[in-house]
Amino acid sequence: MSDRARKPEPLETALSHADDHLLVDHWMPPQAGIIPRVRIGRRWISVLWALPIGSVALMVLIAVAQALRELPQVKAFIAQHPGIAQAAPSVDSGFPWWLQLQHFANMFFMLFIIRAGLQILADHPRLYWRRDCTPGTDWFRFQRPVPKGRIWTAKDDSVTLPTWLGIPGLRHTLGLARWWHFSINLLWVINGVLFYGLLFATDQWRRLVPLTWEVFPAALSTAIQYASLNFPVDHSWTRYNGLQQLSYFVTVFVAAPVSIATGLMQSPAIANSLGWLGRVLNRQAMRSFHFISFAWFVTFITMHGVMVFITGLRQNTNHMFAGVESEAWAGLPLFLLAMGVMAIAWLLASPFTKRHARLVQRTGRFMIGWLRTLATRTDPRTQFDESDISPFFWPNGTMPNSPAFGALASGAFADYRLRISGLIEAPQELSLAFLKAMTKQAQITDHFCIQGWSGVAKWGGVPMRDILDLVRPLPEARYAVFYSLADGADGGRYYDVHDLANMRHHLTLLAYEMNGEPLNILHGAPLRLRCENQLGYKMVKWIAAIEFVESFAHLGAGQGGYNEDHEFYG
Ligand SMILES: Nc1nc2c(c(=O)[nH]1)N[C@H]1C(S)=C(S)[C@@H](COP(=O)(O)O)O[C@H]1N2
Ligand SMILES: [Mo]
């Protein structure tokens with residue numbers, strides 16, 4: 001190895017260390033969102049309207065149901081379909097211990113999943129159906145309209161959630177929230193798979209799976225009975241009534257799988273390698289469905305909780321927390337204990353996450369890092385047509401503001417040199433003209449920002465694999481470090497690390513063109529990275545230098561990138 005190759009990239013010293021705690025007064029200043037709104041046509045309606053409308057609707061519903069029950073036909077209908085489908089098989093094993101345990105685990109995991117999920121949503125507090133995220137095309141938001149006539153980045157758009165609601169509740173903390181969301185998701189999925197297995201290994205599935213069409217009239221009958229406030233007789237020990245069966249079935253066998261699938265489809269590595277399927281099931285539609293299934297869960301949990309209380313608290317808690325069918329008060333103390341554990345976990349989650357941010361990141365990486373590694377083994381190949389190019393592409397990140405950058409930009413980057421150094425045979429300093437003279441590749445791809453927005457653009461530039469051929473990495477080179485000309489939000493130079501396998505993907509590009517025009521400064525001129533199985537933050541803009549290294553532990557805070565160091569991403 002030559003001495004020149006061993007010399008560290010000078011920008012290594014421009015990297016900053018980062019704290020292992022989340023320092024609240026160093027963090028992005030808070031920004032309040034607004035009451036969530038839903039767009040109907042051109043009007044934005046506050047979800048608070050659901051309260052008066054819902055209350056009135058509930059009263060009308062009760063009055064109508066009570067009136068209905070006076071009718072002889074309805075009486076006959078209810079007599080014929082008292083609530084439980086006659087043909088439904090019954091469960092003989094009551095509520096076994098594993099079911100009680102899994103029910104608690106599920107409830108406990110859901111607490112973290114929901115809160116962390118909301119935190120992630122608050123980083124781009126808008127939902128769309130179309131892939132392009134053009135302002136004004138959102139159908140749901142808890143943020144004001146996108147300001148016009150100024151640069152408004154996706155980070156500017158993020159809002160603060162209360163610490164009791166989000167985890168950890170500060171603005172733009174989705175890095176940490178994602179560790180919670182994904183790690184606990186893994187536990188939740190394991191719990192769910194065991195649950196499915198045990199359901200069908202025993203007779204417990206009979207309570208949940210409707211086997212006869214009679215479930216529909218039975219559900220209608222139970223709905224009328226509940227709504228009239230004259231509840232049907234409960235036989236949960238052996239069989240659920242039609243309404244219970246349908247709602248539990250949808251929750252367990254529809255909402256849960258939909259949540260998992262729509263969650264996975266938001267990953268660039270997965271979606272960009274699925275070809276036409278990834279194109280049809282676009283990321284924003286997946287986000288929207290993910291949110292709708294979340295809304296189902298919240299509605300279910302609320303109704304379920306209310307019903308536990310009002311349809312016989314003693315019996316219900318005896319079933320699910322003590323596994324007995326008796327007059328004793330066996331289940332209630334255990335139920336209260338479970339609620340206490342939940343309350344403590346609820347209170348501790350945000351303060352713990354702030355204090356031990358790096359630990360949360362490390363634990364998360366340990367738990368689900370393998371899944372990410374697996375996902376980035378995929379070959380991103382989904383490409384789009386010119387007609388798919390988004391009319392709007394959110395800008396993001398911290399702009400370069402140094403005089404040196406200003407000087408380069410005012411000279412149209414004629415003096416710009418891309419430095420390539422480290423563990424390579426042939427270090428380089430390449431001008432933009434040289435890069436443009438190399439073989440050019442164009443690709444139309446979907447960009448996935450970690451915050452949640454996406455956008456399709458056509459990128460033109462030099463394939464990274466040609467750069468690799470030019471510089472010839474040494475066998476010990478494992479990673480490529482991209483240094484920016486711009487600093488990150490918290491000071492210190494922006495950088496990111498990629499493994500070499502990713503650099504050889506045919507869609508990994510040093511882009512100098514966007515949508516057929518020279519890349520503008522907002523989007524990363526003179527040069528930005530495109531790496532289509534990664535999230536946006538890995539694609540360094542305003543690239544200053546590339547260094548090939550064996551390990552990145554000595555760079556910055558050693559986490560493999562600016563956002564990994566400072567915002568606990570991964
Ligand atoms: N130097 C630098 N590069 C950066 C960022 C940044 O803050 N600084 N932000 C990243 C993030 S989070 C995203 S989503 C993309 C955004 O690229 P765009 O502005 O072209 O949309 O750039 C990435 N590259
Ligand atoms: Mo991003």
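Student: By class, how many nonpolar, polar and charged residues does the lining of the second largest cavity have?

Tutor: Keep in mind that this is a predicted model. A lining is read by sorting its residues into classes. For the second largest cavity, the lining has two nonpolar, four polar and two charged residues. The residues are I84, V233, D234, H235, S236, R239, N241 and Q244. The space inside is about 30 Å³.

Student: How many cavities of 30 Å³ or more does a search of the whole structure find?

Tutor: A cavity is a space where a 1.4 Å probe fits but cannot get out. The search of the whole structure finds two cavities of 30 Å³ or more. The largest cavity holds about 300 Å³ of space. Its lining has 25 residues, and N396, G397, G536, Y537 and K541 are the closest to its centre.

Student: Which strand gives the most to the lining of the largest cavity, and how do the residues of that lining divide by class?

Tutor: Strand β9, residues 479-487, gives the most, with three residues. By class, the lining of the largest cavity divides into 12 nonpolar, nine polar and four charged residues.

Student: Which residues come nearest to ligand 1?

Tutor: A residue is counted around a ligand if one of its heavy atoms lies within 4 Å. There are 20 residues around ligand 1, and W394, H523, R528, M539 and K541 come nearest. By class, this shell has 11 nonpolar, seven polar and two charged residues.

Student: Where do polar backbone atoms lie relative to ligand 1?

Tutor: Look for pairs of N or O atoms within 3.5 Å. A backbone N or O atom of W394 is 2.7 Å from an oxygen atom of ligand 1. At N396, a polar backbone atom lies 2.9 Å from an oxygen atom of the ligand. At M539, a polar backbone atom lies 2.9 Å from a nitrogen atom of ligand 1. As for cover, ligand 1 has 530 Å² of accessible area on its own, and the protein covers 100% of that area.

Student: What volume does the second largest pocket have?

Tutor: A pocket, unlike a cavity, is an open set of points. The second largest pocket has a volume of about 1300 Å³. It is lined by 47 residues, and H181, F182, N185, G263 and L264 are the closest to its centre.

Student: Which helix supplies the largest share of the lining of the second largest pocket?

Tutor: The largest share, nine residues, comes from α6. The helices that each supply at least two residues to this lining are α4 (97-121), α6 (174-201), α9 (242-264), α10 (268-271), α12 (283-310) and α15 (357-375). By class, the residues of the lining divide into 26 nonpolar, 17 polar and four charged.

Student: Which residues are joined by a cis peptide bond, with omega about 0 degrees?

Tutor: Most peptide bonds are trans, and most residues other than glycine have a negative phi. A cis peptide bond joins I167 and P168, with omega about 0 degrees. P168 is in the loop between α5 (154-157) and α6. The peptide bond from A525 to P526 is also cis, with omega near 5 degrees. P526 lies in the loop between β12 (517-518) and β13 (528-530).

Student: What phi does A412 have, and where does A412 lie?

Tutor: A412 has a positive phi of about 55 degrees, although it is not a glycine. A412 is found in the loop between α16 (403-410) and β5 (417-422).

Methods
Residues are numbered from 1 along each chain as its sequence is written. Chains are lettered from A and ligands numbered from 1 in the order in which they are written. This is a predicted model: local features need pLDDT of at least 70, side-chain atom pairs count only at pLDDT 80 or more; totals for chains, interfaces and linings use all residues. Side-chain values use heavy atoms; hydrogens and water are left out. A polar contact is a pair of N or O atoms within 3.5 Å; within protein, one must be able to donate a hydrogen and the other to accept it, and residues adjacent in sequence count only if both atoms are side-chain atoms. Accessible areas come from the Shrake-Rupley method with a 1.4 Å probe; for residues, only the protein chains shown count as cover. Ala, Val, Leu, Ile, Met, Phe, Trp, Tyr, Cys and Pro count as nonpolar, Asp, Glu, Lys and Arg as charged, and the others, Gly among them, as polar. On a 1 Å grid over the protein atoms alone, a cavity is a set of points where a 1.4 Å probe fits but cannot get out, and a pocket is an open set with protein on both sides within 12 Å along at least five of seven lines; lining residues have an atom within 4 Å of a point. Grid points are joined across faces, edges and corners, and a volume is the space filled by probe spheres set on the points. Helices (H or I, at least four residues) and strands (E, at least two) are DSSP runs, numbered from the N terminus.
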